[in-house]
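Work through the exercises below with the sequence and the model in view. Try each task before reading its solution.

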Amino acid sequence: MKQIARDWLRRIAAALVSSMLLAAALPVSAQDLKIGLKTEPSSLDPHYHALIPNNQIAFHIFEALTMTDADGNLHPGLATSWKAISDTVWEFKLRPNVKFSDGSPFTAEDVVFTFGRTGKVPNSPSPFTIYSKQVIGFDIVDPLTIHLKTAAAAPALPLDMSFIAIMSKKAAKPDVAEGMTTEGLNQGQGLIGTGPFKYVEWKRGNQLVLERNEAYWGAKPAWKTVTFRPLTNSATRVAAMLAGDVDLIEDPPTDDLDRLKKDPKLRVSEFVSNRIIYIHMDHFAEPSIGIEGTNGKNPLKDKRVRQALSLAIDREAIGARIMENVGIPAGGFLPYPMFGAGKDERPDKYDLNKAKALLAEAGYPDGFSIALGTPNGRYINDIKVAQAVAAMWTRAGIKTKVDAAVPPVFFKSRDEFKYSAYMAGWGAGEVSNSLRSLVATPNREKGMGTTNKGRYSNPALDAKIEEALRTIDNDKRSALLQEATKIAMTDYALLPLHFEKSTWAMKQTITYPGRNDQMVRADFIKPAK
């Protein structure tokens, strides 16, 4: 008996040692995960601002009818299946036995409520109507079957659904037009979703804390709590990770990547993203804010000037020297072979002499002065890229100063049309999304041009986009999107710079493969085996 007792004691001791070693190998605790973000969300309202920092937080708490995987492929979400039952009706079968985090059941009523809300959120700087506006009506067949009606054929509707977070009708306040106010949601009021995590607290500028939703219908996340810390300075993010204050960071500095990859305590993930970094120009105002030396004229209305600005940019040099090979020069809206991207889309080649000749031909032989707006800390090396573009434009005779601001200030100024030219980014699942948002004539009723802050307008382009959006045949639709892209690029509606290659650095004790939409998703971060 004594021998048996000693054997059991040895086994218990061995098990304790094993569990201690396992705990030591995991970040801080197997239950807690800390993430360093370069940009915190501008709001917790999932329908306020179509922006990656907002969306990546929203989809921890909420879910959409459809979802995309790391490569951008479409999969079931809150809908288990979908099909077009006519040219203007899509049927979605909803997932059974799903509950919101307050215990109430998810039904088709919540889908209808959500779509009614997306167009009512006040002061939305980049509204979600780009995804929802084509839906003009609903038929609730039963609690788990819904028909979405469109005015015309809408082949991209299932993909659009992956961007719209479904909210709880039960949590809505009847005296609020949009069901719940953005201000209230920012304080956690009515922040009820079906996602893998629940809201705990948000101390703006300090931390956002979520906890695991134990009633989640899908695979449970590995983490009991997740803390997101906004660390806008890239060096600060790296220092926080090396000090053990966070377990994973997004967008480590490009000049630190080699060192981080060689550190045995760390791992780095890279993923070619669907994000284009581009420069938009003021096609509307005259005079234009930030332009001097033109006697009040807006030279950006002249295609020759826009072409000169493009030719003056050495994209290859920016990709190699500024982006340190995590930027791929862009000649369209999405990298090939994403849907609607053309294999032959090429960026303009750097040609300083031709740029100067075009400026002289347009009546600006001595150039003019312009301000280039940019966020500082939103995109990879954004301030450095803007400064490089400014130097290149100045070399061509267009004296350029950089007007940099922290992301919330930049986006507010951009949305108030305070820039004659600005640099920004956009990620999409297919080219129709980029065209609709960035270069279609702004029309809030149609949900078009929602992020076209250069106010570019081209009826021929609009017609081609709308034709593509109602074309069911995928091959024909892809061809139409390529034609639309060619119209936009030939007219220099905006100036593509590069596609970002996203990077994440983390402790060796965890793994995260990355995503082409650039989101940090804690539910896909796992303890390393």
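Contact means heavy atoms within 4.5 Å. Helices (H or I, at least four residues) and strands (E, at least two) are DSSP runs, numbered from the N terminus. The model is predicted, so local features need pLDDT of at least 70 and side-chain atom pairs pLDDT 80 or more, while totals for chains, interfaces and linings use all residues. Residues are numbered from 1 along each chain, and side-chain values use heavy atoms, without hydrogens and water.

**Exercise 1.** Find the buried residues of helix α10 and what covers them.

Step 1. Buried means under 20% relative accessible area, exposed over 50%, and partly exposed in between (1.4 Å probe, protein chains only).
Step 2. In α10, residues 315–322, the buried residues are R315, A317, I318 and G319.
Step 3. Their cover includes α9 (303–311), β13 (327–329), α12 (382–395) and β17 (494–507).
Step 4. After α10 comes E324, with a positive phi near 50°.

**Exercise 2.** Is D403 buried or partly exposed?

Step 1. Locate D403 in strand β15, residues 398–405.
Step 2. D403 counts as partly exposed because its relative accessibility is 35%.
Step 3. Leaving out residues up to four places away in sequence, D403 touches L372, G373, T374 and Y419.
Step 4. I383 is 20 residues from D403 along the chain, and their C-alpha atoms are 9.5 Å apart.
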